[in-house]
Amino acid sequence: MEYVILAVAIAVVAIGAITGFVVSGRRRKTLPPSPRTPVGAPPAEPQVGEEAETPRDTPTRTIEEVDLPPGVTAPEETVSPEAAVAAPPLEVPEPTAGRLVRLRARLSRSQTSLGKGLLSLLAREHLDEDTWEEIEDTLLTADVGVTPTQELVDRLRTRVKVLGTRTPDELRGLLREELVALIGTEADRSLHSARHSAAEAGRPSVVLVVGVNGVGKTTTTGKLARVLVADGRSVVLGAADTFRAAAADQLQTWGERVGARTVRGPEGGDPASVAFDAVKEGIAEGADTVLVDTAGRLHTKTGLMDELGKVKRVVEKHGPVDEVLLVLDATTGQNGLVQARVFAEVVDITGIVLTKLDGTAKGGIVIAVQRELGVPVKLIGLGEGADDLAPFEPGAFVDALIGD
Ligand SMILES: Nc1nc2c(ncn2[C@@H]2O[C@H](COP(=O)(O)OP(=O)(O)OP(=O)(O)O)[C@@H](O)[C@H]2O)c(=O)[nH]1
């Protein structure tokens with residue numbers, strides 16, 4: 001019996017010893033001591049379980065740059081840590097109502113030459129032929145245009161005669177009425193920027209922004225996004241100016257400031273396809289308005305003008321374009337009218353944006369360009385600031401010119 005107990009005890013001890021050896025052997029295999037490489041010796045082969053070193057010759061990639069393995073899709077709501085930290089707070093643009101009144105001082109050059117010039121001439125005691133000619137010259141110099149100038153002078157002559165003696169207030173009232181009538185109060189100057197009804201698939205309004213190089217198209221598109229956001233619209237921007245490298249970045253920056261997504265394409269890519277994609281994105285997002293900035297083009301270059309027609313046709317595959325805004329630089333005078341004519345032959349212009357009215361004494365271009373195209377001025381640019389684009393109101397504009 002004692003032998004049996006002894007044999008069992010020996011067997012237990014032997015099994016324990018064998019098991020302990022195997023486990024510790026496994027541990028050793030799992031965590032081998034990291035071999036130190038002697039100086040000058042070739043680097044040792046990496047061992048199983050060692051941390052792989054970052055290769056020194058390849059730049060570090062961010063998480064966005066690393067492709068997912070096939071079959072794995074990225075989660076929808078992934079926000080990169082950088083975006084979460086760096087995203088600047090969204091700006092709240094100023095309301096658009098009364099913007100022109102706020103910016104009236106910016107028309108100072110036109111105020112002095114057109115508004116004050118006319119008032120002081122009309123205030124002369126004797127309104128002889130020479131004075132009427134001076135009035136005419138003042139209007140022509142301010143780019144009012146020949147026919148509208150003639151109409152205005154004829155009406156003023158008649159009314160001043162009827163009036164007899166004139167006080168400064170009466171004169172101001174008279175001039176105001178006639179200038180407002182010349183600009184016109186009947187036209188619809190609102191921008192079609194609301195979503196279409198469910199009957200029209202609830203698609204967004206589409207606004208194309210066109211014009212020659214450097215008139216301020218891209219900045220106007222950016223400012224217009226702010227105008228629309230200020231009025232409660234949601235906006236998608238289309239950077240179809242693939243011609244000028246910086247234009248898409250510029251537009252995207254404008255958009256980011258007010259939370260509007262910018263759809264862009266490769267540099268030098270097909271503008272029509274960017275415009276098409278922007279509208280598609282606007283539909284997918286359920287946006288109110290899609291604003292498409294197009295490349296500046298010389299109105300004398302037939303190929304580029306044809307391309308603009310194509311942009312419009314391609315966008316129309318989603319449905320009719322609601323607005324085509326022609327941006328004109330008010331400081332270019334008669335040249336602006338020539339541009340307007342050529343653009344109107346290629347696309348149906350629905351509204352005019354006159355930029356840089358702060359830098360000219362030729363505020364009369366508002367009247368001339370409307371006459372030229374038979375299309376209303378809808379917005380005016382009065383400076384380089386983000387909220388220096390104002391919806392155009394004839395009464396407020398004339399008040400700014402002649403003082404109220
Ligand atoms: N003073 C003043 N400057 C303006 C106004 N609108 C635009 N600008 C300036 O005009 C310059 C040209 O503007 P952009 O928007 O780059 O012109 P663009 O028409 O897009 O140019 P392209 O892409 O070359 O066709 C910029 O310096 C703007 O700040 C305005 O109402 N007043």
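Two residues are in contact if their C-beta atoms, placed from the backbone, lie within 7 Å. Among contacts in the protein between residues at least 6 apart in sequence, 74% join residues at least 24 apart. The model is predicted: local features need pLDDT of at least 70 and side-chain atom pairs count only at pLDDT 80 or more, while totals for chains, interfaces and linings use all residues. Residues are numbered from 1 along each chain as its sequence is written.

**Overall make-up**
- The protein has 14 helices and eight strands; helices (H or I, at least four residues) and strands (E, at least two) are DSSP runs, numbered from the N terminus.
- Of its 404 residues, 35% count as buried. A residue is buried if 20 or more other C-beta atoms lie within 10 Å of its own, exposed if 12 or fewer, and partly exposed in between.

**Strands and their pairing**
- Strand β5 (residues 323-329) is mostly covered, with six of its seven residues buried.
- Strand β1 (residues 205-210) pairs with β5 in the parallel sense over four bridges; two strands pair if DSSP finds at least two bridges between them. Val210 has Leu326 in β5 as its bridge partner.
- On β6 (residues 351-355), β5 pairs in the parallel sense over five bridges, and Leu325 stands opposite Gly351.
- From β5 the chain crosses through helix α12 (residues 334-346) to β6, in a right-handed β-α-β crossover. Right-handed means that, with the strands pointing away from the viewer, the path from the first strand over the helix to the second runs clockwise.
- β6 and β7 pair in the parallel sense over three bridges, with Val353 opposite Leu379 in β7.
- A right-handed β-α-β unit is made by β6, helix α13 (residues 365-373) and β7.
- All five of the five residues of β7 (residues 377-381) are buried, so this strand is largely enclosed by the rest of the structure.
- β7 and strand β8 (residues 389-391) run antiparallel and are joined by three bridges; Ile380 stands opposite Ala390 in β8.

**Helix α9**
- In α9 (residues 245-258), the buried residues are Ala247, Ala248, Leu251, Trp254, Gly255 and Val258. They lie on the same side of the helix because they cover an arc of only 125 degrees around the axis, the arc being that of the directions from the helix axis to the C-beta atoms.
- Exposed residues Ala245, Ala246 and Thr253 sit on the face turned away from the buried side of α9.
- The cover over the buried residues of α9 includes α8 (217-230), β2 (235-240), β3 (261-263) and β4 (289-294).

**Around the ligand**
- Among the 21 residues around the ligand, Gly216, Lys217, Thr218, Gly296 and Gly381 come nearest; a residue is near if its C-beta atom, placed from the backbone, lies within 6 Å of the molecule.
- α8 gives the most to this shell, with three residues.
- The shell divides into three nonpolar, eleven polar and seven charged residues. Ala, Val, Leu, Ile, Met, Phe, Trp, Tyr, Cys and Pro count as nonpolar, Asp, Glu, Lys and Arg as charged, and the others, Gly among them, as polar.

- Most residues other than glycine have a negative phi.
- Asp143 has a positive phi near 70 degrees and lies in the loop between α5 (129-141) and α6 (146-163). Asp143 counts as buried because it has 26 C-beta neighbours inside 10 Å.
- Lys356 has a positive phi near 60 degrees and is placed in the loop between β6 and α13. With 18 C-beta neighbours inside 10 Å, Lys356 counts as partly exposed.
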